[in-house]
Amino acid sequence: GVSRFIINRIDEDRAYLQAGVIYFDDEAEEISEEARMLISDGIELLNQLDVMTGKKRDYKSLVKLDHKTISFVITSIEGFTLGEKQRFLEMTSTNIRITESVESLKQIVQKEKVLQEIKNIIGGNGNLRRGITDGLSE
């Protein structure tokens, strides 16, 4: 979908479901200086996450997008729960969405770093690597 909406009534009188909706968009607001800086941080965090997970993304195109669109790109990644994604969709302030999504993205990147470290410790076959177990037999 392109437009966000709220269902304001449901019509169940027919054989198929119909609903009345109210479309909404972000409030008209000036992008704050903090949000501009956070966008750069968010793109860098996305890059870090993509390197760790092997995801490919066109960063040249990404940096050309407007702030509102970038805020939705950040919130669309797999690290966010469905509830978090829904909450970001319902926000009508680009500044707040940028601030909260980049702060959450920092935590997602940190979790992924820990997961990568665990994978490195365990190795590919589930056995502890030799360097870790060398001191255990003494």
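Predicted model: local features only at pLDDT ≥ 70, side-chain atom pairs only at ≥ 80, totals over all residues.
**Helix α1.** I started with α1, residues 33-53. I checked its length: 21 residues at 1.5 Å a residue should span 30 Å, and the end C-alpha atoms are 30 Å apart, so the two agree. Next I looked up which residues of α1 are buried, and got Ala35, Leu38, Ile39, Gly42, Ile43, Leu45, Leu46, Leu49 and Asp50. Just after the helix, Gly54 has a positive phi of about 80 degrees.

**Core.** The largest nonpolar core has 22 residues, and Leu46, Leu62, Ile74, Ile77 and Leu105 touch the most other members. I traced where the core comes from: α1, α2 (59-62), α3 (67-75) and α5 (94-122) each give two or more residues. The largest share is from α1, with seven residues.

**Leu105.** I picked this one to follow further. Leaving out residues up to four places away in sequence, Leu105 touches Gly42, Leu45, Leu46, Leu49, Ile74, Ile77 and Phe80. Of these, Gly42, Leu45, Leu46 and Leu49 are among the buried residues of α1.

**Strands.** Last, I went to β1 (residues 4-11) and β2 (residues 18-24), which run antiparallel and are joined by seven bridges. They make a hairpin, with six residues between the strands. For one pairing I noted Arg9, which stands opposite Gly20 in β2.

Key:
Residues numbered from 1 in each chain as written. Heavy atoms only, no water. Core = buried A, V, L, I, M, F, W, Y, C linked by side-chain atoms within 4.5 Å. Buried < 20%, exposed > 50% of the residue type's maximum accessible area, 1.4 Å probe, protein only. Helix = DSSP H or I, 4+ residues; strand = E, 2+ residues; numbered from the N terminus. Contact = heavy atoms within 4.5 Å. Expected span 1.5 Å × (residues − 1). Pairing = 2+ DSSP bridges.
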